[in-house]
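Welcome, and please take a moment to look at the sequence and the model together. We will begin with some ground rules and then walk through a few places.

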Amino acid sequence: ELPTFGVAQMSTLARRKGSLSAKEESLKQTAANVIMQLALDDDNKISVREVGGLKKLVSLLTSPDTDVQLNVLGALTNLALNDQNKAEIRELQAIPKIVELLDSEEELVREKVVEVIWNLAGNDENRVALLYADAVRKLVDLLPTTTKLTELTERGNYIVSSALGALANLAVHPENQTAIRDGGGLRKVVDLVGGSVGPEKTKERAANCIENLSLDRENRENIRILGGTLHLVRMLLSDNDEWIRAAAGAIKNLSVDEESKADIDKQEGVRALVDLLNHTDMVIVGKSAECLGNFANEPAYRTKIRDLDGVSRLLGLLEAGTPDEARLASAGAVLNLAVDDDCKVAIKELGGIGKLVPLLNASLPLTLRAVTAMTLTNLGAHEDCALAIAEVGGVNALIQCMGKPTDDVLQEKTASALWNLSVVDSIKATIRKAGGIPFLLSVFEFSTFVPAIENCLGTLLSLAETQENRFAVAQAGAIN
């Protein structure tokens, strides 16, 4: 949740009265505050930019008056929620001026600067500009050791929490992932995740930070060595939904490495993730399914997930009514599980094929349909599963995926599934009778995507092993 401001006019210092200079600064403060309030509205964010308001606000960042600085920073925080405003603030060379204010002696100013940085760090150009303006180092310096955390004021704790939010946004960029590591940020962030003191929000934001830092291989290794996986699994086992959500996001990225998988499993993390598939928060459910999808890339964990009843729970999430994102994550996990023959059998026996085939429906997102086609490709390598796919109408559903609405990837994955199914003699005829051959041939005419063309060719060659299909291919115009 990005920061916004809609509060009364910010003021920290007693203002001198009577002088012309004081009146001018007071007027600037009031004007900046009005813009801050107006910029809560999305249309006003655009209007302020169009009338040159950003340039005027940026010019006031160097004001010696703290109250002016505070209201300007509040206005920029709200305005920076607009993507075009983010870019213009950078183009106005405002980022170095904003970062410089992190050195202010006023704690409230530092607080507002961190919030502006957090919002500005929403695109790669700004992330790099903030790095070169020394924002990463200064934000890392704001993070306390766990022993110092107990000494912070309420505002100090808020600044730490916001700094972690800003670092999480910055850590999307590879250069910042390295800079945070080189600046000693990893240990500080991991310690904050594992700390037993401080606000709950600090722990959550630290886990958010680890999620993005874990996009880097060296960071993942260091986080594991520093005990990050242990702390994150403990968060999974808590009764705090925000912690669980943040921890699952971090574990999703960490669990791409074998060493981290082993560490997480050692702490009963796999069991915790399977249990979370029954959670009422569908964001948590989706993140847990994504994590299990990573574990399901390894044979030993596929067996463990199956033994923990994970296959059944994942299949249950494919039903209508589950949000598309959670369904996609669950389908992805089932896809990886379906590499294993025992899991193939389990999916079939649990009625999973009947739950997968409806996910090919043209009304659903293309990505979900493509993942489903990939899952059916894996299942279709097992003859009993292939027959079950045909029995519940999977052949016809796959053929429809070759036509609109479709894309190159969906056509490629669909043709791959049909190729596997066509190995079964009885399904060869089913594909022909369902009108599959003209659809497969149409890819040669209308697509230039080589993987899709290759899979269609493989399917047609497999189909052409019978005389009836060879005749159908010729009739459809493949042989002139």
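An axis here is a line fitted to C-alpha atoms, for helices over the stretch in contact, and angles run from 0 to 180 degrees between N-to-C directions. Helices (H or I, at least four residues) and strands (E, at least two) are DSSP runs, numbered from the N terminus. This is a predicted model, in which local features need pLDDT of at least 70 and side-chain atom pairs count only at pLDDT 80 or more, while totals for chains, interfaces and linings use all residues. Residues are numbered from 1 along each chain as its sequence is written, and side-chain values use heavy atoms, with hydrogens and water left out.

Let us start with the whole protein. It has 33 helices and 0 strands, and its C-alpha atoms fill a box of roughly 100 × 50 × 35 Å along the principal axes. Of the 480 residues, 53% are buried, where buried means under 20% relative accessible area, exposed over 50%, and partly exposed in between (1.4 Å probe, protein chains only).

Now turn to a pair of helices. The axes of α26 (residues 366–379) and α29 (residues 408–421) come within 8 Å and cross at roughly 20 degrees. Angles under 35 degrees count as roughly parallel, and α26 and α29 are therefore roughly parallel to each other. Which residues of α26 and α29 meet? From α26 come L366, R369, A370, A373, M374, L376 and T377, and they meet V409, L410, K413, T414, S416, A417 and N420 in α29; contact means heavy atoms within 4.5 Å. The residues of this contact divide into 8 nonpolar, 4 polar and 2 charged. In that count, Ala, Val, Leu, Ile, Met, Phe, Trp, Tyr, Cys and Pro are nonpolar, Asp, Glu, Lys and Arg are charged, and the others, Gly among them, are polar.

Our next stop is helix α8 (residues 124–132), where N126, R127, V128, L130 and L131 are buried. The buried residues of α8 pack against several helices, including α5 (83–91), α7 (107–120) and α11 (154–170). At the start of α8, a side-chain oxygen of N123 reaches to within 3.3 Å of the backbone nitrogen of E125. Just after this helix, D134 takes a positive phi of about 80 degrees.

Finally, find D425 in helix α30 (residues 425–433). Is D425 buried or exposed? D425 is exposed, because its relative accessible area is 57%. The C-alpha atoms of D425 and V339 are separated by 22 Å, and the two residues lie 86 residues apart along the chain.

Notes: Parallel < 35°, antiparallel > 145°, perpendicular 65-115°, else oblique. Polar contact = N/O pair within 3.5 Å; in protein donor to acceptor, adjacent residues only side chain to side chain.
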